[in-house]
Amino acid sequence: MLRPSAICFGEILWDFLPAGLFPGGAPFNVGYHLHRHGVQTHIVSAVGRDVLGDEFLRRVGLWGLSPAFIARSAPPAPTGYVRASLNSDGNARYEIVAAVAWDEIPTPAALLAAAATANALIYGSLAQRSPANRAALAGLLAALPPAALRVFDVNLRAPHDDLDLVRRLARDATLLKLNHEEAARLAGAPPAPGREEAHARILAAETPDAIIVITAGAQGAGLLHAGRWHWEPGRPVTVADTVGAGDAFLASLVAHLLYGALGEAECLARACRDGEWVASQRGATPDYPPIPST
């Protein structure tokens, strides 16, 4: 097929990790890895008119991504950042700074025109903490072609974890991605190992036309679509940190679904391998050669 295109809408920010400062934000991370998979990618967000914003845009240019839809917010809105701490297993906990540039992301006419021919829109729950972004997302969803993937990446980080809002956003999705703890919360059940399929089927009853994808860290990931459940076990890696591993997983899954050459089970397996590789690297956007398109 022709090179597919995707729009990634939401937060871009700096992860302040013990090992240094790394560009991140789930929608940006997904966009970075989609680009590595050969997908034409539009990052839609905002940075401040400050040194962190300057450096973010410099990195975007070095990676060959277009900054066309990354706005520069007027002062005093700064570039977003997150303080992340790692536990002994390399898993991250986050302190997300509020009132930053990505809380008001513009959607110019040129972006809506790009959305009208896009193959996928990826959006998360965190950026929907502001009314301005909820309105912007609604406009993008309305502009998409009917067959485009609408990918909702659930990211329940307190205090930005309004379950009613997440359920409303999920109704517009054709692919819903969550980790096993988030899936349990939305399903109204306690998290428990091995319950991913049961939780996926509860969620599918609320969004019957959507692909439900649940990640379970080192245990693996599952995909439910049209009543059929696929499970891909995880493979052991030496973890550097888990920042961005789920985003790399999602980007790989979406890319392979868009290319359409593989079945859903194989797409899931490829996504797990890519997520595991990123977990073995430092930061969410490690430098690696472009992945050949399928």
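Helices (H or I, at least four residues) and strands (E, at least two) are DSSP runs, numbered from the N terminus. The views below show a predicted model, in which local features need pLDDT of at least 70 and side-chain atom pairs count only at pLDDT 80 or more, while totals for chains, interfaces and linings use all residues. Residues are numbered from 1 along each chain as its sequence is written, and side-chain values use heavy atoms, leaving out hydrogens and water.

**View 1. Helix 8 is largely enclosed by the rest of the structure.**
Of the 15 residues in this helix, 13 are buried (buried means under 20% relative accessible area, exposed over 50%, and partly exposed in between, with a 1.4 Å probe and protein chains only). Its end C-alpha atoms are 21 Å apart, in agreement with the 21 Å that 15 residues should span at 1.5 Å a residue (the expected span is 1.5 Å times one less than the number of residues).

**View 2. Leu 257 sits in helix 8.**
Is Leu 257 buried or partly exposed? With a relative accessible area of 22%, Leu 257 counts as partly exposed. Setting aside neighbours within four places in sequence, Leu 257 is in contact with Leu 149, Leu 175, Glu 264 and Cys 267 (contact means heavy atoms within 4.5 Å). Take Cys 267 from that list: the C-alpha atoms of Leu 257 and Cys 267 are 6.7 Å apart, and ten residues separate the two in sequence.

**View 3. Helix 9 runs from residue 264 to residue 279.**
From its first C-alpha to its last, this helix of 16 residues reaches 23 Å, close to the 22 Å expected at 1.5 Å a residue. Which residues of helix 9 are buried? They are Cys 267, Leu 268, Ala 269, Ala 271, Cys 272, Gly 275, Glu 276, Val 278 and Ala 279. As you look through that list, keep one rule in mind: an α-helix has 3.6 residues a turn, so residues three or four places apart point the same way.

**View 4. Helix 1 packs against helix 8.**
Two packed helices are described by the angle between their axes and the distance between the axes. Here the angle is about 50 degrees and the axes are 8 Å apart (axes are lines fitted to C-alpha atoms, for helices over the stretch in contact, and angles run from 0 to 180 degrees between N-to-C directions). That angle makes helix 1 oblique to helix 8 (under 35 degrees counts as roughly parallel, over 145 as roughly antiparallel, 65 to 115 as roughly perpendicular and the rest as oblique). The crossing is right-handed (a crossing is left-handed if the near helix is turned anticlockwise from the far one by less than a right angle, and right-handed if clockwise). Helix 1 brings Ala 26, Asn 29, Val 30, His 33 and Leu 34, which meet Asp 247, Ala 248, Leu 250, Ala 251, Val 254 and Ala 255 of helix 8. Sorted by class, this contact has eight nonpolar, two polar and one charged residues (Ala, Val, Leu, Ile, Met, Phe, Trp, Tyr, Cys and Pro count as nonpolar, Asp, Glu, Lys and Arg as charged, and the others, Gly among them, as polar).

**View 5. Helix 6 (residues 180-187) crosses helix 7 (residues 196-206).**
The two axes come within 9 Å and cross at roughly 45 degrees, which makes helix 6 oblique to helix 7. This crossing is left-handed. On the helix 6 side, the contact uses His 180, Ala 183, Ala 184, Leu 186 and Ala 187, and helix 7 supplies Glu 196, His 199, Ile 202 and Leu 203. These residues divide into six nonpolar, two polar and one charged.

**View 6. Several loops hold backbone details to look for.**
Most residues other than glycine have a negative phi, and most peptide bonds are trans. Ala 99, in the loop between strand 7 (92-96) and helix 3 (109-115), has a positive phi of about 55 degrees, and at 60% relative accessibility Ala 99 counts as exposed. Ala 226 lies between strand 12 and strand 13; its phi is positive too, near 50 degrees, and Ala 226 is exposed at 75% relative accessibility. A cis peptide bond runs from Pro 75 to Pro 76, with omega near 10 degrees, and Pro 76 belongs to the loop between strand 5 (70-73) and strand 6 (80-86). Another bond that is cis leads from Ala 158 to Pro 159, with omega near 0 degrees; look for Pro 159 in the loop between strand 9 and helix 5 (163-170).
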